[in-house]
Amino acid sequence: MSKCNGQELIKLIEFQNVTKIYDKGVQALTNINLKIDKGEFVFLVGASGAGKSTFIKLLLKEQDPTNGTIYINNQNVGDISRRKIPHFRRGISVVFQDFRLLPNKTVFENVAFAMEVIEASPKEIRRQVPMILSMVGLSERASQYPHELSGGERQRVSIARAIVNNPSILIADEPTGNLDPETAWEIMKVLKSINRRGTTILMATHAKDIVDVMQQRVIALEKGRIVRDEQRGAYGHES
Amino acid sequence: MVMKVRTFKYMFKQGLVGIWRNRGMSLASITTVAASLMILGVIITLVLNINGIAFMLQNQFDTVQVYLVEELSDEEITNIGIELGSIEGIKDLEFESKEQALQKFKEGWGEQGYLLESLEKNPLPNSYVIHLNNIESADAVVNELTNVSGIDEVKYYKDVIDNLLRIAKFIRSVGWALILVLVLIAMFIISNTIKLTLNARKQEVNIMKYVGATNWFIRWPFIIEGMLLGLIGALFATVVINFAYQSAFDLITTRVYVILSTYMILPTQMLPRIIIIFVVLGCGVGALGSIVSLRKHLRV
């Protein structure tokens with residue numbers, strides 16, 4: 001399913017016959033097969049309970065598949081020991097619908113926090129954080145606190161925090177879910193520009209208009225199965 | 001794992017913030033640690049001193065006193081002396097007559113000695129004082145002595161020493177039980193304090209997990225917080241115990257029984273032991289309390 005533009009693309013994410021059944025017998029994902037290449041922008045759509053959350057949890061190794069194998073960066077995720085999970089997670093970061101910013105830290109400190117906890121040096125932090133803040137258009141807001149920001153600005157802070165350590169994959173879980181349509185588009189612009197710099201983006205969403213306009217790859221889940229996987233897709237065929 | 005200075009500073013600061021954030025529970029934790037260690041301190045000073053005194057006695061009183069029955073002839077007394085002399089393990093022996101014993105007794109009473117003048121009959125028995133080669137062989141020698149006829153009673157300091165050691169052992173056992181209970185209480189309270197900090201930092205921890213902080217990076221601040229609580233309690237207990245022991249020592253040496261002071265451990269020698277024991281235990285209890293809490297409430 002690789003795009004043929006003359007370049008050899010690296011398989012960044014690959015699911016082989018992945019099934020996830022929870023302890024209570026709920027079959028969240030059934031026999032998922034897919035490949036996502038480096039640099040792709042992928043929408044993950046589907047109704048609540050279709051398996052989007054489980055899909056993301058498997059990617060982050062918060063959950064292990066019941067059957068099947070997941071490869072990320074050509075590494076079998078199942079082979080990663082518990083001790084190695086933190087290092088594995090540095091390559092995949094997440095943006096949530098509810099931003100999850102620390103209220104008692106400024107914008108700068110919130111972004112710097114992600115670097116501090118992986119023990120980056122103050123020098124690197126001073127260089128990297130302003131750069132990322134200007135990328136998401138928040139240079140002016142660096143010393144403000146989350147409660148002084150609008151929803152869109154908060155989400156941009158959370159995106160800045162997610163990409164400050166240069167992950168190869170950015171997962172956005174309903175990133176526009178709490179935002180009005182105009183602000184949502186701001187966020188999409190930011191995500192697109194991050195994608196242009198080479199970061200693979202996987203965005204789970206319900207926002208039909210965004211998916212339809214963006215014209216990116218769409219993977220649709222229904223009752224735990226992939227029902228559609230199209231390049232330049234739309235949210236749904238009918239309605 | 002080599003920790004960067006910067007990282008350590010960050011974690012230490014988080015620990016202090018945690019303590020300050022739950023001041024009430026922190027105070028409760030510190031108090032329980034201090035109280036437990038103070039009780040431990042009393043037990044340690046008692047046991048160490050009793051052991052010391054018993055050891056000193058062992059070296060200085062290697063004698064066995066053999067009291068003879070009344071109404072023995074001089075010849076019989078001499079024969080007993082010869083028989084005693086042949087027992088293995090005896091270095092030498094000397095005879096102490098009733099009169100000598102009474103004289104000694106009077107001297108022991110000092111100025112009140114004249115009271116004994118009114119005695120119609122000397123109640124003290126004749127005896128042999130036996131010096132042993134080795135206090136350890138006292139039991140064997142005493143066993144042999146009981147086979148000799150004409151002996152009324154055998155008194156030896158090993159009894160006293162054994163009793164002292166038995167008391168020390170008893171105090172130690174009761175002490176351990178008490179300490180165990182107190183340490184468990186301290187650990188319980190510390191783990192609850194840490195739980196509060198964990199709740200306050202839930203969001204931070206969650207973010208740390210998602211951006212790939214290592215498990216130990218997440219855990220250390222809580223462990224440091226617990227250890228700090230234990231350490232502060234330990235320092236507090238050290239000050240109190242040191243003061244108390246110094247006072248007790250002064251009281252005993254000046255007012256009660258001067259000789260005893262030569263057997264007692266000097267406060268200046270006691271202090272370093274107390275510090276080491278308290279700091280290690282305080283930090284240990286604190287760290288364990290945190291770990292219990294982390295295991296229960298922090299899935300990293």
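Predicted model: local features only at pLDDT ≥ 70, side-chain atom pairs only at ≥ 80, totals over all residues.
**Contact between chains A and B**

Chain A contributes 15 residues to the contact, and chain B contributes 15 residues. On the side of chain A that touches chain B, α2 (85-89), β6 (92-95) and α3 (107-116) of chain A each provide at least two residues. The classes of the residues on this side of chain A are tabulated below.

| Class | Residues of chain A touching chain B |
|---|---|
| nonpolar | 7 residues |
| polar | 3 residues |

**Helix α6 of chain A**

Helix α6 of chain A runs over residues 181-196. Its 16 residues, at 1.5 Å a residue, should span 22 Å, and the end C-alpha atoms are 22 Å apart, so the two values agree.

Which residues of α6(A) are buried? They are A:Ala184, A:Ile187, A:Met188, A:Val190, A:Leu191 and A:Ile194. Viewed down the axis of α6(A), these buried residues fall within an arc of 160° and therefore line one face of the helix. Their packing partners in chain A are α5 (151-163), β7 (169-173), β8 (200-205) and α7 (208-214). A:Glu182, A:Lys189 and A:Arg196 are exposed on the other side of α6(A).

After α6(A) comes A:Gly198, with a positive phi near 110°.

Terms used: Residues numbered from 1 in each chain as written. Chains lettered and ligands numbered in written order. Contact = placed C-beta atoms within 7 Å. Helix = DSSP H or I, 4+ residues; strand = E, 2+ residues; numbered from the N terminus. Nonpolar A, V, L, I, M, F, W, Y, C, P; charged D, E, K, R; others polar. Expected span 1.5 Å × (residues − 1). Buried ≥ 20, exposed ≤ 12 C-beta atoms within 10 Å, placed from the backbone. Arc of directions from axis to C-beta.
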